Amino acid sequence: MAPLPHHRPRQLALGPLEQEILAILWQREAATVKDILDTILADPDRDLSQATVTTILQRLAAKGWVRREPVVESGLGKGRKGYVWHPQVSQQEATMLQSHRQLEEFLAISNPDLVAAFADSLDASALDRLDAIARRLRTLRDTQEEA
């Protein structure tokens with residue numbers, strides 16, 4: 001089982017355009033504002049400005065989802081820098097972090113009867129998965145205690 005990533009964004013909640021831009025970065029692994037804008041504008045029904053993409057990337061950086069690296073781009077003029085944007089966490093790590101947050105929120109209910117009623121309503125395959133998770137947790141804890 002993979003541990004939670006060391007880098008965790010400061011804010012997990014993302015808006016639809018933030019999610020779309022992050023998905024583009026995950027697909028490309030790195031991109032400039034122009035790359036992202038061109039990808040979005042490949043859909044003829046879309047209308048978006050370069051300034052909007054830049055603003056969204058800055059918000060994603062402030063939330064801890066992306067980072068930027070300066071690069072000198074020939075098309076920007078003499079001595080002017082652009083940036084290449086990189087995701088700080090992979091798509092798989094983001095899924096793990098979101099799932100972890102949802103589980104913590106569910107367990108924060110702190111009402112065993114409510115949690116038990118939820119578990120009782122699950123079908124057999126879901127209960128089997130919960131049992132497998134419990135077994136895996138026991139094995140991990142036993143391994144940690146032996147170390």
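A residue is termed buried when its relative accessible area is under 20%, exposed when the value is over 50%, and partly exposed in between. In this predicted model, glutamine 58 has a relative accessible area of 42% and is therefore partly exposed. Glutamine 58 is located in helix α3. Its C-alpha atom lies 9.1 Å from that of arginine 68, a residue 10 positions away in sequence.

The secondary structure of the chain consists of 6 helices and 2 strands. Along the sequence these elements follow the order α-α-α-β-β-α-α-α, with the strands placed between helices. The radius of gyration of the chain is 21 Å, whereas a compact globule of 147 residues would have a value near 15 Å. The C-alpha trace extends over about 65 × 45 × 25 Å along its principal axes.

Of the 147 residues, 24% count as buried. The accessible surface amounts to about 10,300 Å², and carbon and sulfur atoms contribute 52% of that area. When contacts between residues at least 6 apart in sequence are considered, 57% join residues at least 24 apart. The chain carries 18 positive and 21 negative side chains, and the centres of these two sets are separated by 10 Å.

Glutamate 18 belongs to helix α1, and lysine 63 belongs to helix α3, which comprises residues 50–63. The side chains of glutamate 18 and lysine 63 are joined by a polar contact of 2.9 Å. Both residues are buried: glutamate 18 has a relative accessible area of 7%, and lysine 63 has a relative accessibility of 14%. Each of these values is under 20%, so the two residues fall in the buried class.

The surroundings of the pair were examined next. With residues up to four places away in sequence left out, lysine 63 touches Pro9, Arg10, Gln11, Ala13, Leu14 and Glu18. One of these residues, alanine 13, also provides a backbone oxygen that lies 3.4 Å from a polar atom of the lysine 63 side chain. For glutamate 18, with neighbours within four places in sequence set aside, the contacts are Ala13, Ile56, Arg59, Leu60 and Lys63.

The backbone at glutamate 29 adopts a positive phi of about 75°, although the residue is not a glycine.

A further relation between separate parts of the sequence involves glutamine 91, which is found in helix α4 (residues 91–107). Glutamine 91 and leucine 22 are 69 residues apart in sequence, yet their C-alpha atoms are 8.8 Å apart in space. With a relative accessibility of 49%, glutamine 91 counts as partly exposed, because this value lies between the limits of 20% and 50%.

Note on methods
Residues are numbered from 1 along each chain as its sequence is written. This is a predicted model: local features need pLDDT of at least 70, side-chain atom pairs count only at pLDDT 80 or more; totals for chains, interfaces and linings use all residues. Side-chain values use heavy atoms; hydrogens and water are left out. Helices (H or I, at least four residues) and strands (E, at least two) are DSSP runs, numbered from the N terminus. The radius of gyration is taken over C-alpha atoms; the globule rule is 2.2 Å times the number of residues to the power 0.38. Buried means under 20% relative accessible area, exposed over 50%, partly exposed in between (1.4 Å probe, protein chains only). Contact means heavy atoms within 4.5 Å. Accessible areas come from the Shrake-Rupley method with a 1.4 Å probe; for residues, only the protein chains shown count as cover. Lys and Arg count as positive and Asp and Glu as negative; His and the chain ends are not counted. The place of a charge is taken as NZ of Lys, CZ of Arg, CG of Asp or CD of Glu. A polar contact is a pair of N or O atoms within 3.5 Å; within protein, one must be able to donate a hydrogen and the other to accept it, and residues adjacent in sequence count only if both atoms are side-chain atoms.
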